[in-house]
Amino acid sequence: MFYRLLSVVRRRRTSPGWQNWPSARSNASSAAAPSAALPAQAQVVICGGGIMGTSVAYHLSKMGWTDIVLVEQGRLAAGSTRFCAGILSTARHLTIEQKMADYSNKLYQQLEQETGIQTGYIKTGSIYLAQTQDRLISLKRINSRLNVMGIPSEIISPKKVAELHPLLNVHDLVGAMHVPEDAVVSSADVALALASAASQNGVQIYDRTTVLHVMVKQGQVTGVETDKGQIECQYFVNCAGQWAYELGLSNEEPVSIPLHACEHFYLLTRPLETPLQSDTPTIVDADGRVYIRNWQGGILSGGFEKNPKPIFTEGKNQLEIQNLQEDWDHFEPLLSSLLRRMPELETLEIMKLVNCPETFTPDMRCIMGESPVVQGYFVLAGMNSAGLSFGGGAGKFLAEWMVYGYPSENIWELDLKRFGALQSSRTFLRHRVMEVMPLMYDLKVPRWDFQTGRQLRTSPLYDRLDAQGARWMEKHGFERPKYFVPPDKDLLALEQSKTFYKPDWFDIVESEVKCCKEAVCVIDMSSFTKFEITSTGDQALEILQYLFSNDLDVPVGHIVHTGMLNQGGGYENDCSIARLNKRRYPVGSRNLMLKHMPKDTDLLLEDVTWKYTALNLIGPRAVDVLSELSYAPMTPDHFPSLFCKEMSVGYANGIRVMSMTHTGEPGFMLYIPIEYALHVYNEVMSVGQKYGIRNAGYYALRSLRIEKFFAFWGQDLNTLTTPLECGRESRVKLDKGMDFIGREALLQQKQNGVYKRLTMFILDDHDTDLDLWPWWGEPIYRNGLYVGKTTSSAYSYTLERHVCLGFVHNFSEDTGEEQVVMADFINRGEYEIDIAGHRFQAKAKLYPVASLFTHKRRKDDVELSDLHGK
Amino acid sequence: MPGPTQLFFPLIRNCELSRIYGTACYCHHKHLCCSSPYIPQSRLRYTPHPAYATFCRPKENWWQYTQGRRYASTPQKFYLTPPQVNSILKANEYSFKVPEFDGKNVSSILGFDSNQLPANAPIEDRRSAATCLQTRGMLLGVFDGHAGCACSQAVSERLFYYIAVSLLPHETLLEIENAVESGRALLPILQWHKHPNDYFSKEASKLYFNSLRTYWQELIDLNTGESSDIDVKEALINAFKRLDNDISLEAQVGDPNSFLNYLVLRVAFSGATACVAHVDGVDLHVANTGDSRAMLGVQEEDGSWSAVTLSNDHNAQNERELERLKLEHPKNEAKSVVKQDRLLGLLMPFRAFGDVKFKWSIDLQKRVIESGPDQLNDNEYTKFIPPNYHTPPYLTAEPEVTYHRLRPQDKFLVLATDGLWETMHRQDVVRIVGEYLTGMHHQQPIAVGGYKVTLGQMHGLLTERRAKMSSVFEDQNAATHLIRHAVGNNEFGAVDHERLSKMLSLPEELARMYRDDITIIVVQFNSHVVGAYQNQE
């Protein structure tokens, strides 16, 4: 920490403050002395003078928005930004994060030249060590993705590691990844440089000015109340770092920005006897939980311990994070790890142990975007201790979002809207970040579920299913069963079950899938969001016709698969709509944001998720179970596919039965008023016994839907995917006789052709038992050239192959520009999927394998075991 | 056999050998009944009195004593391993943390640790802890039974209800009474915090409830209409007296159910002391009857610990108690009322629940015993009338109530039966608990500031500190930690595993000679909350 203080002080000696630097002085009229009164109005007010706030200001001003006021409660770049360890690393787990880091790297590199302010940028490269094979696999996966982005990186041997870094003990390593372009930089100086450039472009910066709250009128930002007065504005950007949560809550209409700070420690030493070169690579030893970089001839080393210390839960506010306690006892495991990695440092003299709080989010992804409740309220915070790496890119994307309405890259994984009410609890955040911070350096394996903040929302059947061996995962706080462990089977403990290979539940899910195909399974799908829209007149139909792309003017009882699109034609959500009567539509959807809903009193939109328990009866015998329970004929003649009826099941009346299963298999969804849930479940299970019924979980569902090429919103589809790009032309009625959101864009796309296409890949030479499993995010190669990445994958028990879904692009070989993707382009190509550096051949399909839909058991295949209950 | 001698001598050194050898004592319990001469007198509540010799089973004679002595040496052959020692020490430990809601802990109590180590078989000590649900505050108490555990058991399950009812405002009492009357669900009054081994009597529950109900009905009737603030001190005193009165009445009235009838008589004829703390915000009341003790741990500004006693022992060491007894009885009894530091030469505590032998008139005692069940009639002890028994009652359950306003430097409260206090000085108790509770914090945090420290040196230092820490954290419970010291401390005040192992491997018959039942509750206060209260004013 002192080193930052020192450098700031040094600079202050020559000039009393940032306002008076040459670059800023030229703009003295707008960014005058701190005593100057705030302007009465501005287009944008940015709160936070750390790297995020300054980066947003910098990019906005570059894009031509200059009527901007940036306010900072303390001094510029004085919070986490000042204490930041200054490591810029591009090796990230998400592609969008890699893109942000890559952009930041390029931005910082030329910043000194642009602004004349020294940023201490030095290209050191970084080395990620692997002590275990699993870690090496994880690094190889990242390496594959870095390479397709054009960021140089390679997997190297321990011997090579020793050559690159003089002090490392490499005897316990199995390999490493070297990213030569990574850099170190002084983050505070970067922030100051960005501020000065922004200020040159006309951005007004006021320090020692605290935002009290944001003024909102009719869901729209109107201004900002600070301790120095009010500023009217159209846009507000919350870049308040660890105080962003508090600031969000301070509004009359609170904006939930789920993040929480943890104490973070790093060590500074005096120079070595032969001082370390300033370009000595940065070391990340994730298995040892430490990072080590060179610092003024000595080292700077910190880490992410297993037992983090959350801080500021009650929102204790203070201007600058001054001298938090150093806690050597807490640092001891990291110090041991450091000395194990670099034994020669024993004799190195300590300078300081720095305690600088870092902010973490519930899912370890940063938070950006516009608040769903307040228009014009933007957020950029929760950097999970990668603020420096993301700063440039994240600021750019947010600025684009504000100026153009959407960012140039697909950032939906980082969108604030991914969070709901659950994540706004302080208790939840405190508990969750204690899990998230160690996760920074934990091995990230497929299908990992958070363990904290669980069992919040549960179906009425939770206990019943749990007693039958259900293992649970969580979505939006809702517990859903993954699979059911039979009583005679033991699974591995959580920690041991981490694997990149075939998981231990493989056989369990196989039998569940088999049961879905041959008999009947019941899956509790209560966690799906459900809406109901009613109106007195025809408004319901009208508004839905406008919101959704498919034609909803269907006879009563019919179900329509559709989705809400945005202006760009991208999916805002994906749902099924049933017309219950002329004026009622329950909407089965997984994420609905009806911000377009008019304030019409006659139109009632209700979230009925909590009112209904949803049971999915999948399988050929579902018909028999249901007709036996209802004494009503359920055959396709009476109950065609994609149909909805209200009927009685057992003693319970008013059960909505829909002939769809979200998997392409025959069967029914039952929407049961919760008070009947247990009764209906019990009836279904007891009647179903003779049809071989059993419980199944989402893993079975997932395997079934992916092999049928059913894309899911949030995994495969997002706001930048149009129906045309995923083969859903039939679900869009461009000529339904009225306009709908996104129609223009789709019409245009239809004319011009699509630039990417969702494709299904069937892995050919992949050994399920021995090879690494695909997950998602694996690069796809066509004729040896990179064309896109997978979005989801599953093992198809029917095809006995792995199936991946992913988007295929057509990059021009000369310019790299995206070109139109035709069906022909997809079909005529040899494909490979890169799993952690190993390429597997794959067959590309634009439509699902037809044989899957006509599954018939041959007579001579029947065996005695088929008579057993499943 | 050097081992046993070392062990024995410190314990018996202040006992006159002649007294030990020459007398036998009565013990309500058959298990423990005078199987050995090495009973340090000070450790038993009933003095060895010549008159009791006859009560002892005829088999017990001097020859047996020597047998006993030999027997005492046998356990030396087995040493308990540290895990075995721990499992004995931790068998009864219990911890309760006042739940923290979203970082906003409004209770001045952080939580408490409690534990007990039996010497009698079965143990005669009891403990209770509960949160008052209809009023604010928490109740914690230790109860030291004598002549059996019946009385301490009854007091441990009943007293807090009496206290809670005494604290209830008139309206709440009315509401509860109305609910009983109309068969509606009752308001819960107490939230108990119990170790699984702490049991409540199912059989007597109805009887106890009826007595309690009569009590609140009287409180309702007595209400003058003016809603005055309820005085905690008065409530505590009333509750103690009322419960003792009910115990006495129930024994006089009897019960048609023969099991219950015997139970209420056993409760009344055995005795128990009680030391109860009521904590509500910064208001701490300690009500004490007998010789258990409440000790406040205060951390001075320099970090050192000092002990503040919040209760007075009611025994012969207390001048004021001696004075009181003399005043309550005619002058001619001045010499007989306390003899050999005991009430009527028999009972060590001067105040107690039950013990109707020291409360009822001779007539009443005889009448109850005669009409009582045979078991009672056969019991020599109950039939025995104390000597010089002229002007009963000699004993009261009325507590002495001390009030203390908590300050931020008051870190914890130790409630313990005399089993602890006779082995350890209060100053040591407070220091050991204080150092345990602050544990990590007590080790000064390391700061490099200005010194030349290498990474290697720091690493060594930290590893050392962690090793030290883990030994402190062998106990997760402050009460367990205290018992470990009370039983295992050597002359240097450090826990000696060998000694601990010996003390804990004593057979049931002998354990009582070396130590009494020990019951401890350590209540930890939240200095922040206490400080906030202070700032409010």
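**Two helices in chain A**

Start with α16(A) and α17(A): Val625(A), Glu628(A) and Leu629(A) of α16(A) touch Glu683(A), Val684(A), Val687(A) and Gly688(A) of α17(A) (contact means heavy atoms within 4.5 Å). By class, this contact has 4 nonpolar, 1 polar and 2 charged residues (Gly counts as polar; Asp, Glu, Lys and Arg as charged). To see both helices whole, select residues 622-630 and 677-688 of chain A; they pack at an angle of about 115°, with axes 10 Å apart (axes are lines fitted to C-alpha atoms over the stretch in contact, and angles run from 0 to 180 degrees between N-to-C directions).

A word on what you're viewing: it's a predicted model, where local features need pLDDT of at least 70, side-chain atom pairs count only at pLDDT 80 or more, and totals for chains, interfaces and linings use all residues. Residues are numbered from 1 along each chain as its sequence is written, chains are lettered from A and ligands numbered from 1 in the order written, and side-chain values use heavy atoms, leaving out hydrogens and water.

**Where chain A meets chain B**

Now show both chains: the contact takes 19 residues from chain A and 19 from chain B. About 1800 Å² is buried between them, with carbon and sulfur atoms giving 59% (the accessible area, 1.4 Å probe, lost on putting two parts together, summed over both).

Next, on chain A, select β15 (265-269), α10 (328-341) and α12 (426-439): each supplies at least two residues of the side touching chain B. Which one gives the largest share? That's α10(A), with 7 residues. This side of chain A has 8 nonpolar, 4 polar and 7 charged residues.

Notes: Helix = DSSP H or I, 4+ residues; strand = E, 2+ residues; numbered from the N terminus.
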